[in-house]
Amino acid sequence: MADADLKLLYRELVSLEIELWDGIEGRLRVEYDLALTSFEVLHLLLRRPGRRIQDIAEEFSITVGGTSKVVDRLETAGLCGRRANPNDRRSSIVNLTPQGRKLVDGALKVFEEELELRIGSVIPEEAVREVTAVLSTLRAAGRALDAERKAASQTPVPALRASKQPGRSTS
């Protein structure tokens with residue numbers, strides 16, 4: 001494939017992500033004083049209650065530390081709460097509070113309206129399914145590549161290869 005085509009695709013995907021994020025977040029901030037990152041965590045907790053910080057981090061492919069900071073802010077705002085995990089004393093379970101549920105229910109309507117305006121009203125439903133499938137394939141391939149690279153970097157270097165460093169003789 002032409003290098004220019006891949007670079008153009010990359011720029012289009014990144015630009016779309018930024019513009020889509022900014023557009024949706026702008027509306028959530030105006031109408032609910034809510035950052036999109038916070039909305040995403042609250043929305044996950046609405047769909048799948050009782051998540052651990054690790055579960056949330058994995059869902060969004062972000063660090064546990066970053067996730068913990070988001071949850072700390074949401075907890076301080078009274079939108080979610082943590083309780084001890086009965087299956088693992090080292091972790092806690094995060095759930096929405098009634099106030100958090102009410103906020104995310106309203107914000108979800110804004111989120112869905114923006115998705116419809118920015119995507120659903122622009123391309124047909126079949127194209128949405130096709131683009132979603134292509135993006136899922138790309139993400140899965142990227143995750144597999146990352147896992148392969150991580151595994152390779154943790155694999156001990158064979159003795160023969162280790163001796164072939166600059167300035168060292170192999171004999």
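A: Begin with the idea of a surface patch. Patches are built from residues with over 30% relative accessible area and no salt bridge, and nonpolar side chains are joined within 5 Å. Keep in mind that this is a predicted model.

Q: Which residues form the nonpolar patch on the surface here?
A: Met1, Leu6, Leu9, Leu13, Val131, Val134, Leu135 and Leu138. Together they have about 740 Å² of accessible area.

Q: Which helices each supply at least two residues of that nonpolar patch?
A: α1 (3–32) and α6 (125–154) do. The most comes from α6, with four residues.

Q: Where does methionine 1 sit? Is methionine 1 buried or exposed?
A: Methionine 1 lies in the segment before α1. Exposed means over 50% relative accessible area. Methionine 1 has 81%, so it counts as exposed.

Q: What about isoleucine 18: where is its place, and how does its accessibility count?
A: Isoleucine 18 is in helix α1. Its relative accessibility is 41%, so isoleucine 18 counts as partly exposed. Now look along the chain. Histidine 43 is 25 residues from isoleucine 18, and their C-alpha atoms are separated by 20 Å.

Q: Let me try a loop. Where is aspartate 88 found?
A: Between β2 (80–84) and β3 (92–96), in the loop that joins them.

Q: Which backbone atom lies 3.0 Å from a polar atom of the aspartate 88 side chain?
A: The backbone nitrogen of arginine 90.

Q: Now step back. How many helices and strands does the protein chain have?
A: Seven helices and three strands. Read from the N terminus, the order is α-α-β-α-α-β-β-α-α-α.

Q: How do I judge the overall form of the protein chain?
A: Compare its radius of gyration with that of a compact globule. For 171 residues, such a globule would be near 16 Å, but this protein chain has 22 Å. Along the principal axes, the C-alpha atoms fill a box of roughly 70 × 50 × 25 Å.

Q: What share of the 171 residues is buried?
A: Buried residues make up 25%.

Q: Which residues does UniProt list for "domain: HTH marR-type"?
A: The UniProt record, an unreviewed entry, lists residues 6–140. Over that range the chain is 73% helix and 9% strand. The end C-alpha atoms of the range are 18 Å apart.

Terms used. Residues numbered from 1 in each chain as written. Predicted model: local features only at pLDDT ≥ 70, side-chain atom pairs only at ≥ 80, totals over all residues. Heavy atoms only, no water. UniProt positions renumbered as here; feature names shortened; annotations may be inferred. Polar contact = N/O pair within 3.5 Å; in protein donor to acceptor, adjacent residues only side chain to side chain. Patch = residues over 30% accessible without salt bridge, like charges linked within 9 Å, V, L, I, M, F, W, Y side chains within 5 Å. Areas by Shrake-Rupley, 256 points an atom, 1.4 Å probe, with all protein chains shown as cover. Salt bridge = Lys/Arg side-chain N within 4 Å of Asp/Glu carboxyl O. Buried < 20%, exposed > 50% of the residue type's maximum accessible area, 1.4 Å probe, protein only. Rg over C-alpha atoms; globule rule 2.2 N^0.38 Å.
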